[in-house]
Amino acid sequence: MKRKSVALVMTVACVLVFALAYAQDDIQSLEHDVFADRQRPAATFSHELHADTAEIDCLECHHAYENGENVWDDSMETDCTSCHKLDADGKTMSAMKAFHTNCKGCHTKEGKGPVTCGECHPRKE
Ligand code: HEC
Ligand code: HEC
Ligand code: HEC
Ligand code: HEC
């Protein structure tokens with residue numbers, strides 16, 4: 001192969017790898033270890049739909065509080081259950097309540113997105 005076509009093949013391969021990684025990232029399961037004894041199938045979430053398509057501000061969902069102010073930036077913790085555990089701890093609500101307040105709270109307020117149990121925790125076929 002000529003050098004030019006090798007470069008082209010390499011470029012196409014790179015683009016494909018990135019596109020695949022991105023597509024797989026899109027819909028993610030929010031299954032977390034804190035829920036060891038699950039009652040419902042884990043909810044799924046599309047980061048792309050929320051952050052890019054619906055253009056929701058990062059700080060609507062991510063936070064790090066300092067003197068009551070949300071100072072989160074993308075170098076900080078994103079895993080909700082690194083702070084929100086199975087049981088509430090002082091002002092830090094339980095993981096289930098944190099997700100339900102955040103997800104369901106916004107869908108109810110906006111009149112968009114699922115609000116019933118079965119829509120967010122669909123039974124597996
Ligand atoms: C807007 C989406 C949404 C709705 C509506 C919703 N949940 Fe959840 N729920 C979540 C997310 C996200 C989590 C955390 C990830 C996970 O474990 O599924 C969660 C976690 C849970 C958990 C803890 C994990 C487990 O299975 O033990 C239970 C129990 C639960 N939800 C029950 C319910 C019930 C009952 C309803 C209806 C009254 C409901 N949820 C409605 C999104 C939702
Ligand atoms: C509607 C809520 C929501 C919005 C808006 C949002 N995120 Fe997220 N983000 C989440 C959830 C939920 C997770 C998964 C957390 C978990 O598993 O505990 C996550 C995970 C992440 C991760 C970890 C890698 C990954 O994709 O799982 C990064 C990095 C991240 N978010 C950055 C951002 C940035 C930057 C923005 C703004 C451009 C943003 N998020 C907007 C809810 C949101
Ligand atoms: C670095 C630790 C930390 C991480 C990571 C974190 N939280 Fe929180 N969260 C807190 C603390 C602490 C509070 C209580 C703040 C207060 O009342 O002063 C809180 C409060 C909340 C509240 C109550 C309303 C509000 O916004 O203050 C919700 C809902 C919530 N968190 C959901 C989430 C979700 C969803 C994620 C993941 C996308 C997440 N949290 C990640 C520490 C964290
Ligand atoms: C700040 C607002 C906001 C928060 C927080 C939020 N959502 Fe949403 N969600 C939306 C909106 C708006 C839509 C409708 C987007 C559209 O169809 O244009 C939506 C749609 C959805 C849908 C339907 C997707 C589809 O393909 O139709 C699911 C599932 C969902 N959200 C899950 C979640 C989960 C799980 C969380 C919490 C981790 C969450 N959302 C947090 C605003 C929010």
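Here are a few questions and answers about this predicted model.

Residues count from 1 along each chain as its sequence is written, while chains are lettered from A and ligands numbered from 1 in the order in which they are written. In this predicted model, local features need pLDDT of at least 70 and side-chain atom pairs count only at pLDDT 80 or more, while totals for chains, interfaces and linings use all residues.

Reader: In what order do the elements of the protein run from the N terminus on?

Author: Good place to start! The protein has four helices and four strands. Helices (H or I, at least four residues) and strands (E, at least two) are DSSP runs, numbered from the N terminus. From that end, the order is α-β-β-α-β-β-α-α.

Reader: Which element gives the largest share of the shell around ligand 4?

Author: Ligand 4 is surrounded by 18 residues, each near it, with a C-beta atom, placed from the backbone, within 6 Å. Both α2 (47–53) and α3 (95–110) supply at least two of the shell residues. The largest share, six residues, belongs to α3.

Reader: Is E55 buried or exposed?

Author: E55 sits in the loop between α2 and β3 (65–66), and has a positive phi of about 50 degrees although it is not a glycine. Counting other C-beta atoms, placed from the backbone, within 10 Å of a residue's own, 20 or more makes it buried, 12 or fewer exposed, and in between partly exposed. Because E55 has 7 such atoms, E55 is exposed.

Reader: And where is N67 found?

Author: N67 also has a positive phi of about 50 degrees without being a glycine. With 5 other C-beta atoms within 10 Å, N67 is exposed. Its place is the loop between β3 and β4 (69–70).
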